[in-house]
Each structure stands twice: as structure tokens, then as C-alpha cells.
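Hello! Here is the structure we talked about, ready for you to open. Have a look at it first, and then read on for what turned up.

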Amino acid sequence: MGSRLRNIQARAAEHGRLRTGYTQGKRPMRSATWVVTSHSEEHVRAAAELWGGEPEQWQPLNSTITQWRVITKAASIEALITPGDPLNQYNEMWSAGGCQRRCDGDTELLSRQPCICAARFGEDWHQQKKGVVCSTTSRLNVMLPDLSGMGMWRAETHSFYAASEWGGMVDMVLAGTDGRGFVPVTLRIEPRQVIRDGQTKKFPVVVVELRGVTPRQALAGPMTAAVALDPASGSQAVAAIEAPRPDYLAEAEGALTPDDVGDVYRRAFSAGHLNDQLIAALKEIADRKKEEAAGPDEDGAYDAELVDTTQ
């Protein structure tokens, strides 16, 4: 994983964490659904109302401070990527004494040595047992629009496979928005498996997906907060912008008869494009077409009613 150097960003207060696992006593457990933790009982109870589960008090390992958590029933939750650069990624090793290593993939930043894991185990170092090598750690700051407060929530994963996906997704979004505006996403826990040395290994991976918008819209520039909060209305608005408005006057000028001009009028009416200026212009063209129809055609003949003179 290459280095992703990031400037310090001004951020709102952190309300809590979005986790893919929990502890049962001192035993770590994986979860197929999101685990929401916070110092705020109110936030956790609100999360339980939205996504199911029973709120409970909880004490993290190696901490004397009690928090609140809920093991929800939701494998997917809606979130917003906020302005700025929301992602940081390092290879880290932690112990009861704190962070022992933090590596950007090239340099171990605490000791300033070259990557220790790669030096010992080569490019497939991540296949070693946990605790022997660093864990690839990705932290994504998002806003949960359906919970109270304007603070941030930190989604964290130690998946080697999720790291490149998160980095690629965020880099593409930043390329389109330049770090400005909100982007609606879904955070989804997806079960995956790999076969290695004849054994099948199953594990969860957190996938970050665009929600309610297309790549064209996400890369077209910053979205307004209103569009990010209601992507469906934004999609309709963007679709209306992207669909070119017909040149009704050009179509009317190319019409052969006044009735054809009437067809143009009716289409403009159905599309909601009629206004006083367009109505007047179409009427002028229709009147002109009517006068032209009354004159001789290209063979010098006049349109005339057939009159029965045998009577």
C-alpha cells in the first residue's frame, strides 16, 4: 500500500465508532452487522431505533472508561462523506502499551526504519498471523445524517482487502469534488472468502458504495447538501439538466405544414417547456406556414378544393 500523505483537516467532534466486531469478555468476535459504539447513550439508542439491536453499556479492552454500544441488525447503513479528506490508512501494531508501529507502506513512522513487515516477510507479509505483523488499518470519517448532532463517526477496518478499495473510492470522489461538498454513500459489510494453501478462509469486508447517484454525478463536481441528503431528487434534477432541451423553433421552421407546427407545440406543452415567448414564436411560424401553403407549389400549382361541377 502506497503512502497517502494528508493535510490536517478541521473536523467536527467525533460522536462514536462504526465497527465490524466486538468483544465478548476479552474474546474478540466478528460481526456480520454494524456495531455502533459511543460515549453518548442517546446516540446509541437512536442507532438502535434505526438499525435494531439492544443498547448496552460496554467497556473497551485496556480502558477503564465505560461506553455504550449496540450490535445492530443492519449490514448496510447510509452515510455521507464530508468535505475535506475523510480517510487515513496505515499499517499498525498495537499492544496494551499503545501503538508500537505505524507504517505508511514504505517507512515505519515511529522508528523511521524501512517497513519492518515487508523486510521480514516480503510483499505477502499480510498473510502472516495477526500480531506477528502489522494490521492494515483504514479509518473513514463520515456523517450519519439520520442521527442527531453534526459530529463525525469513524468507520474502521483492519481488512487488507478493504484498504485498496476504500483508498480507490475516496481518491476518485476527491478527484471529482476536490474535497468540497458531501457525497452520499452506503457502508456495507460484505462476506467474502479466499482459498489459500487449500483452506477456505471467510471474512467480512466493508464496502463503500455510491448511494443514489451515478459516477457521472459524483465526478461532475461538488454536490449541494440538499442533493447529498436526498439523492433521488438530485438525480431527477441532474437528469433534467443533462437531457438537452429540444430546439422547438428549429423544428417548427423545418415543418412542412401548419399542422406539423401544431405537433411541435403539443410536444413542448407536454414537456412543460411552453412560455409566452415560445407560444408567440410558434404562432408566427404557423401563420407563415399557412400563408405559404396558400401560394403556388414548386410546380406553380395552387392548392384548391376539388369542386364537383357536374351538379
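Which side chain of opposite charge is nearest to Glu-108, and how many Å away is it? This is a predicted model, where local features need pLDDT of at least 70 and side-chain atom pairs count only at pLDDT 80 or more, while totals for chains, interfaces and linings use all residues. Residues are numbered from 1 along each chain as its sequence is written, and side-chain values use heavy atoms, with hydrogens and water left out.

The nearest one is Arg-101, 6.5 Å away.

Next, look at helix 3, residues 160–177 (helices are DSSP runs of H or I, at least four residues). Gly-176 lies in this helix and is buried, with a relative accessible area of 16%. Gly-176 and Arg-216 are 40 residues apart in sequence, and their C-alpha atoms are 9.2 Å apart in space.

Helix 3 also gives the largest share of the lining of the largest cavity, 3 residues. A cavity is a set of points on a 1 Å grid over the protein atoms alone where a 1.4 Å probe fits but cannot get out, and lining residues have an atom within 4 Å of a point. Among the lining residues are Val-173, Leu-174 and Thr-177.

Enjoy exploring!

Terms used:
On a 1 Å grid over the protein atoms alone, a cavity is a set of points where a 1.4 Å probe fits but cannot get out, and a pocket is an open set with protein on both sides within 12 Å along at least five of seven lines; lining residues have an atom within 4 Å of a point. Helices (H or I, at least four residues) and strands (E, at least two) are DSSP runs, numbered from the N terminus. Buried means under 20% relative accessible area, exposed over 50%, partly exposed in between (1.4 Å probe, protein chains only). Lys and Arg count as positive and Asp and Glu as negative; His and the chain ends are not counted. A salt bridge is a side-chain nitrogen of Lys or Arg within 4 Å of a carboxyl oxygen of Asp or Glu.
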